[in-house]
Amino acid sequence: RMTTLVAAPALVLALGGVAFAEKTYINGIDANYPPFAYVDKSGKPAGFDVDSMDWIAKKMGFKVTHQPMDWDGIIPNLLAKKIDMVCSGMSITEERREKVNFSNPYWNVKQVFIAKKGSTLNADQILKGKVKLGVQRGTSEAEALQKDKEAKGYGYDLRFYDSAPLAIEDVLNGRIEAATMDNLPADDAAAKGKAIQVVGVYGDPEDFGVATRKEDAELLKMINDGYKLLMADPYWEQLKQKHLAK
Ligand code: ARG
């Protein structure tokens with residue numbers, strides 16, 4: 001009797017270590033959003049958000065895999081349980097909060113207008129002129145630009161893209177004159193030699209957070225606790241240097 005009582009927990013512990021203690025969560029990513037999430041040359045998910053969540057998972061004792069998918073359908077996929085979280089450059093917005101929970105903010109971005117290098121366009125001309133303006137579908141900036149166009153009578157002609165890099169390509173080949181996106185992917189593209197420049201700022205700054213299903217309070221707590229540890233760890237500075245330093 002005594003032995004079974006003692007042995008059982010030890011066995012559970014031993015098995016748990018390899019088999020069932022570590023739950024696997026799937027992080028849905030937009031793999032066309034460097035430097036936050038992308039697919040590297042070997043086809044592996046990479047980026048600031050991917051590295052951050054890998055570190056947090058390890059620290060907090062869960063497993064995470066990163067599943068590339070269309071940005072536009074990422075919240076429906078979260079609600080349908082195809083994925084368990086979105087740690088992929090997602091702005092915390094009131095609209096999204098109605099459907100999902102967000103972690104504490106981990107990054108702050110501003111939204112910018114970009115145009116071809118050497119362009120003389122400015123934010124005022126983009127808003128009030130008849131500029132062809134690209135934006136990624138399903139983003140907070142797409143939503144805000146549509147709202148502002150109606151509410152403020154802005155003149156731009158919105159063109160929708162599946163990713164920020166596709167909008168950048170069309171700015172470069174002249175199909176559109178400008179695009180709106182978060183500052184970091186724009187800076188990242190410019191740093192990689194794309195002949196674009198930031199010509200203005202749009203709207204208010206936004207915070208990035210990790211989205212989870214509302215009922216997944218346990219996961220959300222692990223993510224929040226994990227970020228707290230990460231931000232206090234030297235690895236946080238290294239991550240910023242690796243992915244976000246310009
Ligand atoms: N601020 C935008 C949003 O949250 C950026 C989205 C783009 N991020 C991404 N991973 N595609 O809607």
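This is a predicted model: local features need pLDDT of at least 70, side-chain atom pairs count only at pLDDT 80 or more; totals for chains, interfaces and linings use all residues.
**Entry 1: α2 against α9**

I started with a helix pair: S52, M53, W55, I56, K59 and M60 in α2 meet M222, I223, D225, G226, Y227, L229 and L230 in α9. Helix α2 covers residues 48–60, and it packs on α9 at an angle of about 105°, with the two axes 9 Å apart. Angles of 65 to 115 degrees count as roughly perpendicular, so α2 is roughly perpendicular to α9. I sorted the contact residues by class and got nine nonpolar, two polar and two charged.

**Entry 2: α9 against α10**

Next I followed α9 to another partner. Helix α9 runs over residues 217–231 and helix α10 over residues 234–244. Their axes are 5 Å apart, and the packing angle is about 85°. That makes this pair, α9 and α10, roughly perpendicular. Which residues make the contact between α9 and α10? From α9 I noted Y227, L230 and M231, and from α10 Y235, W236 and L239. The class count for α9 with α10 is six nonpolar, no polar and no charged residues. Two names turned up again from my previous entry: Y227 and L230 of α9 are also in the contact with α2.

**Entry 3: the ligand**

Then I went to the ligand. How many residues surround the ligand? I have 15 down, and the closest are D30, S88, S91, R96 and S140.

I looked at nitrogen atoms of the ligand next:

- S88 has a backbone N or O atom 2.8 Å from a ligand nitrogen.
- E141 puts a polar side-chain atom 3.1 Å from a nitrogen of the ligand.
- Q136 also brings in a polar side-chain atom, and I have that one at 3.2 Å from a ligand nitrogen.

How much of the ligand's accessible area does the protein cover? On its own the ligand has 340 Å² of accessible area, and the protein covers 100% of that.

**Entry 4: two spots in the backbone**

Last, I checked a couple of loops. P34 and P35 are joined by a cis peptide bond, with omega at about 5°. I placed P35 in the loop between β2 (32–33) and β3 (37–39).

What is the phi of K81? I wrote down a value near 65°, which is positive in a residue other than glycine. K81 sits in the loop between α3 (74–79) and β6 (85–86).

Technical notes: Residues are numbered from 1 along each chain as its sequence is written. Side-chain values use heavy atoms; hydrogens and water are left out. Axes are lines fitted to C-alpha atoms, for helices over the stretch in contact, and angles run from 0 to 180 degrees between N-to-C directions. Helices (H or I, at least four residues) and strands (E, at least two) are DSSP runs, numbered from the N terminus. Angles under 35 degrees count as roughly parallel, over 145 as roughly antiparallel, 65 to 115 as roughly perpendicular and the rest as oblique. Contact means heavy atoms within 4.5 Å. Ala, Val, Leu, Ile, Met, Phe, Trp, Tyr, Cys and Pro count as nonpolar, Asp, Glu, Lys and Arg as charged, and the others, Gly among them, as polar. A residue is near a molecule or strand if one of its heavy atoms lies within 4 Å of it. A polar contact is a pair of N or O atoms within 3.5 Å; within protein, one must be able to donate a hydrogen and the other to accept it, and residues adjacent in sequence count only if both atoms are side-chain atoms. Accessible areas come from the Shrake-Rupley method with a 1.4 Å probe; for residues, only the protein chains shown count as cover.
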